[in-house]
Amino acid sequence: MSAFFRSREAMLIVMVISFLIVFIPYFFNVPALEEFSTTWITIAAIVNAFTLVLAVYSQFRRGIYFIRTGKRAWGFKLWMLIGIILMIIFATMGMEKGPYSWAMQAIITPLSSVNYGILAFYLSSTCARAFRARNLKAFALLVAGFIVLFYQAPLTGAIIPGIEPVARYFTETFAMAFARVFAISVTLGAIVFGIRVLLGKEPMVLGFTREER
Amino acid sequence: MSEERNIFRMLAEIDRRIIYLLLFIVVTVPILRPIAMPLAVSPDTKQYYKVLNSLGPDDTVLFVLDTEFSGYMEIQSGVLASARLIIEKGAKMAIACSHPEATGIPPMMFSYLRDVMEKYDYKYGEDYVVLGYIFPNEAAVASSAQDFHGVVKEDWRGRPIKGTFLDGIHDWKDWSLIAIFSTGVRSDAFIRHYGLRGTPMVINCIGVMIPTTKPYVDTGIFKALLPSMRGGAELEKLINAPGPGLAAMDCFTFGHYLVIFFIIIANIGYFGYVRRRAER
């Protein structure tokens with residue numbers, strides 16, 4: 001009996017049924033199925049949340065291994081584990097006021113903002129080094145990028161109104177076309193992958209190591 | 001010219017610390033001494049304003065903070081200006097978050113907008129509700145689109161939402177507008193479960209998301225797009241409510257011009273030194 005529940009077939013049956021429970025209400029109005037679908041999705045979300053516990057556990061195992069063996073930068077691992085423990089304790093003391101709220105407002109949000117803000121410096125340095133007209137194609141890219149970057153500066157649109165149609169032409173033709181190509185490719189790839197998973201052709205998703213030939 | 005002393009070599013191999021220092025100066029000085037440079041309003045912002053301006057007291061807006069706190073700094077002006085406009089139009093607002101860091105934004109938002117809320121008598125429970133972190137994943141977005149009260153029963157402080165204006169919200173059909181303020185955390189899930197079903201949506205996103213989001217505006221899934229901090233500043237100008245966006249436009253302008261300047265001098269250095277050295 002347990003062998004059946006561990007088998008690939010059982011997992012595929014559960015996966016296909018779950019897919020249909022969520023997929024059918026999207027196209028057909030079946031109130032009972034819609035309600036069950038919502039409950040099913042909520043169950044899945046809760047189960048998904050439990051994987052966080054696994055993630056924290058594996059971080060602790062790895063971190064303790066790093067610290068015990070004295071690997072390079074083990075101090076940062078120790079700091080990370082202390083931070084996780086403290087935030088868990090703070091969260092149990094209430095999230096609206098108290099140490100959790102203080103940690104979020106005084107430490108996490110400013111550090112998060114700094115993390116984003118310093119990207120501007122790296123970006124500027126990278127632009128200076130990467131945008132070089134090494135050949136004709138690079139020169140064309142540079143000219144287009146130059147026009148769009150110039151237009152993005154707010155003052156430019158105000159003093160040179162004629163630049164707007166040119167910059168918008170680049171963003172609304174070339175940039176949008178490539179964005180569409182990217183979105184369509186990713187979506188088609190995801191659909192194909194999903195069908196392969198439902199047909200059992202991707203055993204790694206179910207936790208099996210050998211691919212079906 | 002000798003190999004050691006070469007202006008072109010200096011330009012091609014400019015020390016990145018000089019870039020960092022100059023960028024720091026051009027960004028900091030305009031904040032300390034604002035210049036208030038002129039600003040043109042783009043068609044995207046005008047369209048966004050038109051959509052929000054068409055709201056009324058009978059409309060209910062789902063105000064989604066789909067952002068970490070780091071990215072919030074870029075869309076802060078759009079968030080505050082949009083919220084101000086929604087309050088002025090008298091529309092009801094349900095604020096939801098799809099990232100834990102975004103839960104700190106509503107208190108800051110309403111603290112900033114306290115004057116306009118008092119002016120328009122905008123009250124909690126009657127006109128707005130903060131739902132908190134209710135969109136941790138796509139499953140939550142999908143569930144809320146099919147059965148809102150099956151998923152959301154309380155606000156962020158654990159008080160029941162029964163008896164508020166949210167009693168009229170059952171599924172994706174009942175929202176007048178979904179306003180997403182996004183750094184890309186969960187915006188695609190809203191497209192799939194709300195936008196494709198026909199719920200009107202607008203988005204204020206960070207700069208890097210604009211090219212990938214524009215096709216959805218073109219196809220009508222998003223009614224309008226407010227582009228990044230500049231869009232927020234333009235919206236502040238349109239609604240005549242200067243805020244953090246307009247304050248940042250001076251350093252935004254100088255920062256852009258500095259990056260363009262470095263690209264130009266790097267190319268001068270490239271052609272004058274690197275290219276010639278390669279040819280020799």
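This is a predicted model: local features need pLDDT of at least 70, side-chain atom pairs count only at pLDDT 80 or more; totals for chains, interfaces and linings use all residues.
Residues are numbered from 1 along each chain as its sequence is written, chains are lettered from A and ligands numbered from 1 in the order in which they are written, and side-chain values use heavy atoms, with hydrogens and water left out.

Chain A has 10 helices and 0 strands, where helices (H or I, at least four residues) and strands (E, at least two) are DSSP runs numbered from the N terminus. Its radius of gyration, taken over C-alpha atoms, is 26 Å, well over the 17 Å that the globule rule (2.2 Å times the number of residues to the power 0.38) gives for 213 residues, so chain A is more spread out than a compact globule. The C-alpha trace of chain A spans about 75 × 50 × 40 Å along its principal axes.

Within helix α3 (residues 31-69) of chain A we find A:Ser37. Is A:Ser37 buried or exposed? A:Ser37 counts as buried because its relative accessibility is 0%, the limits being under 20% relative accessible area for buried, over 50% for exposed and partly exposed in between, with a 1.4 Å probe and protein chains only. Beyond neighbours within four places in sequence, A:Ser37 is in contact (heavy atoms within 4.5 Å) with A:Ile21, A:Val22, A:Pro25 and B:Gln146.

Turning to the cores, each is a set of buried Ala, Val, Leu, Ile, Met, Phe, Trp, Tyr and Cys residues joined through side-chain atoms within 4.5 Å. The largest nonpolar core has 73 residues, of which B:Phe63, B:Met93, B:Met109, B:Leu166 and B:Phe190 touch the most other members. Helix α4 (residues 69-89) of chain B gives the most to this core, with 10 residues.
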